[in-house]
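This briefing is meant to be read alongside the sequence and the 3D model.

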Amino acid sequence: MSEEKNKMDDSLKAYTESTEIDDCMGKVKHKIMVLSGKGGVGKSTVAANIAVSLAMNGKQVGLLDTDFHGPSIPTLLNLEGKHPGTDGETIMPIEFSEGLKVMSIGFLLQNKDDAVIWRGPMKMKVIKQLLTDVNWGNLDYLIIDFPPGTGDEPLSVAQLIPGMDGAVIVTTPQNLSLNDVRKCINFCGQLSVPVLGVVENMSGFVCPSCKTVINVFKAGGGKTMADEMGVPFLGSIPIEPQIVEASDSGKPFVYHNGDTDAAKAFRGVVEPLLAMSGKAEPEAETVSSKKEEKKGMHKIAIPIVEGHLSAHFGHCEEFAIFDVDLEVKKIIGQEKAPSPPHEPGLLPRWLGEKGVNIIIAGGMGAHAQDLFAEQGITVSIGAPADDPEKIVISYMNSTLELGGNTCDH
Ligand code: ADP
């Protein structure tokens with residue numbers, strides 16, 4: 001084959017690939033990459049929580065994990081072991097929740113560490129496939145979690161993605177050397193991608209008992225540094241033990257811990273991104289803010305057996321769930337939901353996801369009470385084995401008589 005023909009084949013291949021990428025990405029309004037100068041600074045955590053926050057604001061969001069060095073998005077969102085489906089031609093991303101689709105290199109690996117041993121060309125082949133074959137549909141945002149650092153690998157990934165709207169740079173106070181962030185800024189410069197801003201993660205420690213922020217490292221460095229570098233500062237996210245817990249259990253932190261300082265900081269980070277698609281929409285609805293929405297509105301759950309309140313909370317047949325307005329003491333609606341399988345820790349999550357914020361029970365073990373407290377659900381124990389509607393009416397009128405805990409295991 002002549003050299004000229006080889007060249008033509010290569011450019012035809014490159015053209016076809018770029019057209020395929022354009023086809024696949026054409027329905028994505030904003031592509032945002034999340035970068036860091038080093039691994040372990042919370043880049044994936046920030047990427048996942050940005051994506052969840054945007055989806056909570058009613059946006060259609062894709063989260064693409066291109067981090068070969070331990071793709072952690074499946075763990076962060078409890079999607080480990082999931083396999084994306086296909087319609088014969090395209091790969092369907094995993095639907096994490098309404099408005100959030102996820103694709104990760106991790107879904108394609110048998111073993112978490114497999115990709116680390118791939119050679120460069122193999123890695124790029126996989127990325128190309130993710131860029132050309134994933135059927136995202138219409139997206140407002142595609143958040144791309146990048147491989148860490150500013151070396152050849154992230155650069156090659158970035159070069160494959162056309163029309164990137166901007167980059168979020170994640171750093172930590174320990175790594176706040178001008179050098180580290182400067183490298184990321186230069187990296188964006190090479191690609192002509194605007195820097196949307198710097199996030200200072202793990203900045204200060206929130207004391208779990210008194211909630212005071214203790215600045216383990218010098219505070220305010222991120223802002224000063226961003227000012228010096230002439231790039232926007234998006235906010236400081238404290239070291240928050242609940243972030244580690246949420247990451248390990250695959251529950252998106254911003255969704256389940258809406259009233260923490262760290263979640264507020266995430267909302268600040270997301271604001272300029274929301275502004276890209278026009279006016280920022282009303283603040284995200286979190287599980288906890290949902291509980292306070294519409295003054296007086298609450299959801300009460302009562303465990304039921306044979307139509308009456310069950311004394312044994314964890315072994316009830318079903319739950320009666322009432323929507324009530326406590327201000328006017330009125331039942332607005334009610335439904336019955338069969339109890340989910342008896343698995344440790346499942347009930348608090350299940351009821352929390354249904355928006356329940358009050359439980360009236362006969363008896364409940366101390367551990368279960370703690371789990372509900374963590375979800376911000378109030379538990380009243382010692383209610384009689386009565387008709388659930390009667391119980392709710394007495395509860396609203398403050399005439400419900402509560403006895404002892406009828407079952408404490
Ligand atoms: P990276 O993608 O930069 O390698 P990860 O997002 O995987 O980093 O985070 C590394 C670890 O740090 C994870 O265990 C994560 O739960 C934890 N982490 C990230 N941000 C915070 C934070 N603000 N507070 C506490 N732990 C955090």
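Of the 409 residues of the chain, 49% count as buried, where buried means under 20% relative accessible area, exposed means over 50% and partly exposed lies in between, with a 1.4 Å probe and protein chains only. This is a predicted model, in which local features need pLDDT of at least 70 and side-chain atom pairs count only at pLDDT 80 or more, while totals for chains, interfaces and linings use all residues. Residues are numbered from 1 along each chain as its sequence is written, and side-chain values use heavy atoms, with hydrogens and water left out.

**Overall make-up**

- The secondary structure of the chain comes to 14 helices and 17 strands, taken as DSSP runs numbered from the N terminus (helices H or I with at least four residues, strands E with at least two).
- Among contacts (heavy atoms within 4.5 Å) between residues at least 6 apart in sequence, 70% join residues at least 24 apart.
- The accessible surface of the chain, from the Shrake-Rupley method with a 1.4 Å probe, comes to about 19400 Å², and 51% of that surface belongs to carbon and sulfur atoms.

**Nonpolar cores**

- A nonpolar core is a set of buried Ala, Val, Leu, Ile, Met, Phe, Trp, Tyr and Cys residues joined through side-chain atoms within 4.5 Å; the largest one has 86 residues, of which Met 33, Leu 63 and Ile 143 touch the most other members.
- Helix H2 (residues 43-56) gives this core its largest share, 9 residues.
- Once neighbours within four places in sequence are set aside, the contacts of Leu 63 include Ala 47, Ala 48 and Ala 51, and also Trp 136, Leu 142 and Ile 143.
- A second, separate core of 16 residues includes Phe 313, Ala 337, Leu 347 and Val 356.

**Helix H12**

- Helix H12 (residues 346-353) is largely enclosed by the rest of the structure, because 6 of its 8 residues are buried; these are Leu 346, Leu 347, Pro 348, Trp 350, Leu 351 and Gly 352.
- Just after H12, Gly 355 takes a positive phi of about 85°.

**Cysteines**

- With a disulfide taken as a pair of cysteine sulfur atoms within 2.5 Å, the count comes to 0 disulfides.
- The cysteine sulfur closest to that of Cys 184 is in Cys 188, and the 6.9 Å between them is too far for a bond.
- Cys 184 is buried, with a relative accessible area of 1%, and Cys 316 is buried as well, with a relative accessible area of 7%.

**Salt bridges**

- The count comes to 9 salt bridges, each defined by a side-chain nitrogen of Lys or Arg within 4 Å of a carboxyl oxygen of Asp or Glu.
- Asp 140 and Lys 29 meet through their side chains in a salt bridge (3.1 Å, N to O), and this pair links distant parts of the chain, with Asp 140 in strand S7 (residues 139-145) and Lys 29 in strand S1 (residues 28-36), 111 residues apart.
- In that pair Asp 140 counts as buried at 14% relative accessibility, whereas Lys 29 is exposed at 56%.
- Asp 227 forms a salt bridge with Lys 223, the closest N and O atoms being 3.0 Å apart; both lie in helix H7 (residues 221-229), 4 residues apart, about one turn of the helix.
- An α-helix has 3.6 residues a turn, so residues three or four places apart point the same way.
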